[in-house]
Amino acid sequence: MTLWLTFVALGVLASLAGALWRVWRGPREADRMMAAQLVGTGGVGLLVVLAPLQDWAALDVALVLALLAALAAVGFVKARSDDGAGDPEEAPPTPEMMRPRQTRHDPRGRHG
Amino acid sequence: MRGIWIKAILHRTVLFGAIWGVLTAPGVEGLVAGLFAVPATVWLSLRLMPAHHPVALWRLALHLPRFLAGSVTGGIDVARRAFARDMPLNPGWVELPVDLPDGGRVALGGELSLMPGTLAAGSHEGRLLVHLLDTEAGFDRTIPREAADIAAILGAKRTRDGRP
Amino acid sequence: MADLATIALTAAGLFFFVAGTVGLIRFPDTFTRLHALTKADNLGLGFIALGIALQAETWAQVARLGLIWALALLAAGAMAQLVARTALEREDAE
């Protein structure tokens with residue numbers, strides 16, 4: 001069991017590395033933020049996996065990390081809002097953002 | 001109105017008390033501190049989020065299996081698309097009018113964000129903005145059902161057509 | 001028996017974590033990535049927590065795992081909306 005849990009922990013760690021790639025590449029701030037969010041969730045998952053191997057003390061750390069990961073995103077939204085109050089609905093959405101975008105990944109464009 | 005507040009105080013005391021119990025679990029001395037911490041938390045939560053609606057906990061419990069099933073389906077759907085070679089995505093937006101009160105709209109948005117193919121992006125002038133992973137997969141068909149469930153949990157009176 | 005279930009559940013959890021990351025890397029725009037992240041990751045955490053709960057020695061540990069997952073779910077639901085809405089408002093540097 002120890003071997004398997006270590007393997008799962010390594011797998012979760014590897015998926016965190018993927019998230020760091022997204023933090024690096026962006027391109028938008030929201031992309032970086034959500035990738036950091038994934039690092040938070042993944043970190044919680046990692047601690048939960050390692051908990052049985054370490055006398056379960058890691059569960060408390062996981063709990064605190066789960067709380068802090070949420071606060072990080074709240075901080076991001078507050079920093080981005082004009083008056084600092086953190087209400088993301090204070091400005092109307094920009095219409096061009098709501099246009100469905102054609103991207104190079106669009107499978108219908110490729111096969112259609 | 002009074003009844004709503006008493007019910008809210010009761011619900012929140014049980015909720016925060018349970019969380020405190022879990023946090024301090026094996027030790028007993030932690031429970032003493034809880035005698036102060038739990039009421040303080042209830043008071044703070046009532047200040048920050050006043051009780052406007054009678055929350056029907058049994059409806060919430062009834063709703064839970066649907067929510068869990070939905071979030072499992074949602075995860076599988078996303079995983080399938082992420083691993084597919086041609087990555088079948090057809091993203092787009094829908095706006096739909098929702099007559100839920102503000103807290104209900106946030107709850108609906110949070111729930112939709114975990115359900116298959118839908119992602120809420122807040123609301124604008126009473127309309128909920130929902131991003132769809134695939135506009136042709138019919139993900140948005142479930143939204144009225146979710147809204148009805150949350151309205152029932154909050155005991156919110158609804159307009160005939162679900163518009164504000 | 002419990003060990004087998006733990007292995008199966010944590011494997012499922014790992015699968016969804018990896019799926020979330022693959023989606024985060026492969027999906028074409030901010031909003032689709034947010035879909036991948038929110039849904040897959042929390043499912044992954046849920047499966048892992050469930051699998052580890054089978055190894056728990058006391059009920060307090062099981063309850064704590066439940067609390068961790070509930071917190072993560074609540075946070076994910078709220079965060080997805082906040083980040084989506086913030087991304088909707090401002091077009092920043094590509």
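User: What does the domain assignment of chain B give?

Analyst: In this predicted model, the domain assignment of chain B gives domain 1 at residues 2–48 and domain 2 at residues 57–154. The C-alpha centres of domain 1 of chain B and domain 2 of chain B lie 31 Å apart.

User: What makes chain B more spread out than a compact globule?

Analyst: The globule rule gives 15 Å for 164 residues, whereas the radius of gyration of chain B is 19 Å, well over that value, so chain B is more spread out than a compact globule. Along the principal axes, the C-alpha atoms of chain B fill a box of roughly 60 × 40 × 25 Å, and 29% of the 164 residues of chain B count as buried.

User: Which elements does chain B have, and in what order do they run?

Analyst: Chain B has 5 helices and 3 strands, and from the N terminus on these elements run α-α-α-β-α-β-β-α.

User: What is the pattern of chain C along the sequence, and how does its radius of gyration stand against that of a compact globule?

Analyst: Chain C follows the pattern α-α-α, with 3 helices and 0 strands. A compact globule of 94 residues would have a radius of gyration near 12 Å, while chain C has 16 Å. The box that the C-alpha atoms of chain C fill, taken along the principal axes, is roughly 50 × 25 × 15 Å.

User: How many residues do chain A and chain C bring to their contact, and which element of chain A gives the most?

Analyst: Chain A brings 48 residues to this contact and chain C brings 44 residues. On the side of chain A that touches chain C, α1 (2–25), α2 (29–50) and α3 (58–80) each supply at least two residues, and α2(A) gives the most, with 14 residues. The residues of that side of chain A divide into 31 nonpolar, 10 polar and 7 charged.

User: What makes a set of residues a nonpolar core, and which residues have the most contacts inside the largest one?

Analyst: Such a core is a set of buried nonpolar residues of the listed kinds, Val, Ile and Ala among them, joined through C-beta atoms within 7 Å. The largest nonpolar core has 89 residues, and those with the most contacts inside it are A:Val48, A:Val49, C:Ile68, C:Val83 and C:Ala84. Helix α3 (residues 59–89) of chain C provides the largest share of this core, 14 residues. Leaving aside neighbours within four places in sequence, C:Ile68 is in contact with A:Val44, A:Val48, A:Ala62, A:Leu63, A:Ala66 and C:Ala49.

Technical notes. Residues numbered from 1 in each chain as written. Chains lettered and ligands numbered in written order. Predicted model: local features only at pLDDT ≥ 70, side-chain atom pairs only at ≥ 80, totals over all residues. Domains from an automatic or database assignment. Contact = placed C-beta atoms within 7 Å. Helix = DSSP H or I, 4+ residues; strand = E, 2+ residues; numbered from the N terminus. Nonpolar A, V, L, I, M, F, W, Y, C, P; charged D, E, K, R; others polar. Rg over C-alpha atoms; globule rule 2.2 N^0.38 Å. Buried ≥ 20, exposed ≤ 12 C-beta atoms within 10 Å, placed from the backbone.
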